[in-house]
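Student: I have a model open on my screen and would like a close look at a single part of it. Could you walk me through the sheet in chain B, please?

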Amino acid sequence: MEQFAFEREIATATQRGLRWLVESFRVNGYEGSSAWSSRLLHPVHGWSLPYPETTGYIIPTLYAGRARYTQLAGEFRRCIDGSVKWLLAMQMPSGAFPGGHQVRDGVHRLALKDYLLHREHPAQESFFNSAQIVRGLVEHYRQTRDPEIRTRLDRCRTYMTQAIGDGGRILRDAYAGKSSPAYFAYALAPVLDLDNELGTDAEVRARVTAALDAIIADRNGDTAFIRRMGFGGVDTALTHTVAYTLQGLLEAARHIGAEGKRFRDAAEKALARIFRIAELHKKLPGAFGPDWSPIWSYVCVTGNCQLGLSFLEVWRMNTDSRYLNAAGRFFTQALATQRRDGALPGSWPIWGRYMALRWPNWAVKYFVDFGFELGDALGSEARLAS
Amino acid sequence: MSGYVVTCSHSRSAHAAAFISAACARNQPPAGVLVVNPLNIHQLREQMRRHGARRLFEKVLAAASARFRPHASSDDGQPLLRWLEERQLPREFDIRGLCKRHGIPYYSVPNLNSDRTIGVVTRHAFRYAVYLGGGILREQFISAFSGPVLNAHQGPLPEIRGMGAIAWSLYLGLEPSVTLHGIDAGIDTGPIYEIRPVPRRPGMGIDELNAESVNLGLDMLLDAVDAMEKGGLQAKTPSGTPGSQYFSMHDYLREVLEYRIGRRSSG
């Protein structure tokens, strides 16, 4: 029962988001969630092909939604069960999962230009996408303890460990090739989570830690700017991939424990810089150039929600209420861009550089996650004093 | 040296007008008033960045409508009217008219850090300034005075620097206070002269406390002028290292705070 106005506002928005997510599964017969909706790109169907990567990390969001909104539990169950089967069917012999949107068995589209040029590719291993699918499968395993899921996850762990080369470089990814960008921190964290769930393997821990160390080694000590956070390992990065990097470091630190403090510190210092920019301007830029030079021409809505989640993590760690306050601001800014059916745009304005003219499922996923955590945080702050 | 100058953000700033009226009533009028003309590109851009297009439009509308009401201001409120009544001061918020009536030189400037403003300050050799708005001050402006640029910060220093300090002090369980300090190049990091707690009554919410703190700030600035005219102000040794810089409190956290201080019943 919502008691406060902010709780009612957040609950309404997250329920709308969840209903839109369910629709993104329903249009595919509950076998995966469409990457985005866009009447401009898909005038007839309105939806893209299902996207294994984001379907994977939407699964924990659906489980969290099921615990809160029992009236939607049946729909969430169908989405989860259908998608887990669909994901397991595409696991490759190496244990990896493929990158891109699935056209049919073994055939994928990697990016928008493949849609525009009607190009298709055979399945290619993707380290990053495998890790996001692992997020969903680990949560499913926690909920069901299904031994088949455990076996599949173990195979994926083997692939991911082997994909981390000397010096912590990640070399087997359909998108990034050999660039090994810093935002892969967000792919390393679930490997640690998986390792903790299946039983710790020293080699896994050592390789992942080496990869994370390589990421934080390449940063400016004065500005806390981490290099290569952008797609393709470039320094200019969307807030989406900046957030992947920092969320990954924070999550990894949590999974490692006391030894992970250096990753937490690196992320916290970077977030302090972002916090200041965001509060001085009362909004976040769509992207950052080297040493946090902001690019203001658009807002990356997804990145704002992800950074909001990281701000909440910082608030939980150091109880600095300014971060909780800034997270509230990010949420209402994202909320202002939400469509009545629950969708959120990739960029605002909608023609902004990131996911232009599209309403991606991961924007809604992070918005819903953010809403859940923010509502809980504010509620606990209010009730703490009562 | 020719006394002090008052700064204000626009020509109908109610609090600046109230201060000038009160200072004149005490026979300590300012030697000049620097008023930022809000209708310049720099100010509009700054306001747009801070408040967004909608809020800016509302402010422009309020300022425009105030022009047709000689005794109204764009930011007047009941607590300030009470403050004026208690001191038997007129409800006059037109700073230009007020200056004319008291023979105080009035300077309309594009922004306080501009060369033109610095020129005015150095030409007239103002000794110190009372800050009652006008935007962020740069070193060039601050160092143009031989004395301090006095400010009443609505919050306890050095703990709560920045915006919304009354709300933040309540949120963090500190005594809501007003700090008289000198502005330096940092954000609320200058010398501290005096701290007074904001008088509280049962049932006061954040808005009432804010308004009360503004009135208290006016009293403290008037007393500071008095002290400056009698010899000067003595800086206190700060009780701790500068605290964090705070920013305006978002509505969500404000609701939490209202609930905490018992202003809002649940349900």
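Tutor: Happy to! Let's begin with a term: two strands are said to pair if DSSP finds at least two bridges between them. Please keep in mind that this is a predicted model.

With that in hand, take strand 5 (residues 149–153) and strand 7 (residues 177–182) of chain B, which pair in the antiparallel sense over four bridges. To find your place in this pair, look for Leu150(B), which stands opposite Gly182(B) in strand 7 of chain B. In general, the strands of a sheet pair through backbone hydrogen bonds, either parallel or antiparallel.

Now widen the view to the sheet around this pair. The sheet in chain B is open and is formed by seven strands, in the order 3-2-1-4-5-7-8. Its pairing is mixed. At the edges stand strand 3 (106–109) and strand 8 (192–197) of chain B; each has a single partner strand, so one side of each is left without a neighbour in the sheet. If you follow the sheet from one strand to the next, the twist averages 20 degrees.

Finally, see what lies across the sheet. Helix 1 (residues 14–25) of chain B lies across strand 1 (4–8), strand 2 (32–36) and strand 4 (128–132) of chain B. As for direction, helix 1 of chain B runs at about 155 degrees to strand 1 of chain B.

Technical notes: Residues numbered from 1 in each chain as written. Chains lettered and ligands numbered in written order. Predicted model: local features only at pLDDT ≥ 70, side-chain atom pairs only at ≥ 80, totals over all residues. Heavy atoms only, no water. Helix = DSSP H or I, 4+ residues; strand = E, 2+ residues; numbered from the N terminus. Axes fitted to C-alpha atoms, helices over the stretch in contact; angles between N-to-C directions. Contact = heavy atoms within 4.5 Å.
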